[in-house]
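Here are my notes on this one, as numbered points. Have the model open while you read.

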Amino acid sequence: MKRALITGVTGQDGSYLAEFLIGKGYDVHGVIRRSSVDYRERIAHLEGHEHFHLHYGDMSDTLSMVQTVRAVQPHEIYNLAAQSHVQVSFDAPEYTANVDATGVLRILEAVRQCGLEKQCRIYQASTSELYGRVEQVPQNENTPFHPYSPYAVAKLYGYWIVKEYREAYGMFCSNGILFNHESERRGETFVTRKITLAAARISQGHQEKLYLGNLSSLRDWGYAKDYVECMWLILQYNEPDDFVIATGQQHSVRDFCQLAFHHAGIELEWRGQGPDEKGVCIAVNSSLPSAINLIGKTLVEVSPDFYRPTDVVNLLGDPTKAQQLLGWNPEKTSFEKLVELMVESDMAKVASDHAAAKVRCNLAEYLEKGIVK
Ligand code: NAP
Ligand code: F7E
């Protein structure tokens with residue numbers, strides 16, 4: 001039985017990858033961090049599975065990395081752990097460098113220290129953010145990098161140290177240069193999930209307005225479930241290499257917003273320019289509760305609080321190499337389907353969170369009135 005070690009197993013990609021690898025018959029080991037609150041929601045359904053194991057560790061702690069690699073003796077490592085939020089990397093640049101840059105070195109060295117460099121294949125979660133202030137559109141494996149945030153600069157080190165260990169020590173380590181990929185499990189402060197949650201809340205009367213930053217930013221958005229399959233394919237290839245993983249389709253933040261609100265039953269019209277641009281409700285679906293009167297209201301506004309000191313605004317990937325060499329299909333889940341899946345999931349989540357909150361409120365009231373004891 002093959003053993004896989006996943007760093008970042010509690011994250012969006014880590015949780016899907018763990019499911020995928022268990023399905024492929026792997027014994028899956030994940031690294032988790034100690035936290036004072038429960039953050040294992042994305043992997044809760046896997047805990048207790050006979051082929052799913054967790055180890056405490058941290059990417060900033062060499063000892064824990066070496067100990068975990070020694071204990072697991074993995075055939076494959078998927079290094080997904082990172083401080084992955086670009087905006088946060090401006091607030092915590094040194095921490096981001098420690099985890100996203102030096103952390104990669106710690107994993108590579110842990111494999112060497114444990115004498116596993118011939119047995120263990122390593123996948124590194126590289127990113128389209130490396131293209132940053134883009135020098136070519138679309139971007140492929142030969143496009144020059146121009147990182148444009150502390151996150152991207154740290155990830156650039158990760159990318160190069162992986163290539164260095166491949167050449168210096170003959171290790172099987174590969175970079176997946178993944179363009180943005182989203183899902184129902186996406187963190188709530190990334191723009192897509194922020195939008196789908198807000199659309200669901202506004203349509204159910206629990207939020208007034210959504211504030212966003214740069215509406216014109218362009219991204220190549222894919223579905224995370226499709227992308228974790230490609231991580232695995234990269235490690236099954238006959239030699240270590242670097243691959244761009246993308247859909248080859250580009251949309252703006254504004255497009256995403258328009259479509260997400262449409263799936264939540266709200267039609268938006270955009271008025272104004274730049275920081276004064278607004279998304280105004282011009283029609284609603286008949287399924288929306290009649291008490292929620294949205295027509296004519298401004299539901300989306302721009303707030304400079306969400307502008308970045310330097311922003312990456314034109315990402316579009318060319319996945320030809322992955323298609324041809326790995327047989328990966330970039331068209332499996334369309335942009336339209338992705339938005340629909342995310343909104344559908346958030347509509348259900350908002351409704352059930354609200355119902356649960358109502359039960360808690362009722363319970364508090366009943367306890368106070370002595371109706372329940
Ligand atoms: P995510 O949801 O933010 O998950 C990040 C994971 O890293 C979490 O499990 C987190 O653990 C863990 N982590 C953070 N700091 C750590 C530390 N110091 N030690 C150990 N674990 C730590 O990210 P994602 O979207 O799944 O992305 C996975 C990887 O792909 C990341 O490396 C990201 O930079 C990269 N990437 C993502 C995309 C994308 O569009 N999603 C595109 C290209 C590349 P906690 O749960 O404890 O915070
Ligand atoms: O921003 C703009 C923002 O935070 C996308 C990470 O997974 O993908 C992700 O990084 C765009 C940017 O993702 C808001 O300025 C507008 O231009 O969803 P995001 P990201 O920065 O592309 C890459 C590939 C990674 O590697 C990263 O780990 O949307 N934007 N208004 C906004 N962004 C956010 N977060 N919030 C806003 O209100």
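Which polar backbone atom lies 3.0 Å from a nitrogen atom of ligand 2? The one in threonine 189.

1. Ground rules: this is a predicted model, where local features need pLDDT of at least 70, side-chain atom pairs count only at pLDDT 80 or more, and totals for chains, interfaces and linings use all residues. Residues are numbered from 1 along each chain as its sequence is written, chains are lettered from A and ligands numbered from 1 in the order in which they are written, and side-chain values use heavy atoms, with hydrogens and water left out.

2. Polar contacts (N or O pairs within 3.5 Å) also involve oxygen atoms of ligand 2. A polar backbone atom of serine 84 sits 2.7 Å from one such oxygen, and threonine 127 puts a polar side-chain atom 2.7 Å from an oxygen of the ligand. On its own, ligand 2 has 690 Å² of accessible area (Shrake-Rupley, 1.4 Å probe), and the protein covers 95% of that.

3. The shell around ligand 2 counts 23 residues, with Ser84, Thr127, Tyr151, Ser217 and Arg308 the closest; a residue belongs if one of its heavy atoms lies within 4 Å. By class, eight are nonpolar, nine polar and six charged. Tyr counts as nonpolar here, and Gly as polar.

4. Now helix H6, residues 191–203 (a DSSP run of H or I, at least four residues). Of its 13 residues, 11 are buried, so the rest of the structure largely encloses H6; buried means under 20% relative accessible area, with a 1.4 Å probe and protein chains only. Among them are Arg193 and Lys194.

5. After H6 comes glycine 205, with a positive phi near 80 degrees.

How values were computed:
A polar contact is a pair of N or O atoms within 3.5 Å; within protein, one must be able to donate a hydrogen and the other to accept it, and residues adjacent in sequence count only if both atoms are side-chain atoms. Buried means under 20% relative accessible area, exposed over 50%, partly exposed in between (1.4 Å probe, protein chains only). Helices (H or I, at least four residues) and strands (E, at least two) are DSSP runs, numbered from the N terminus.
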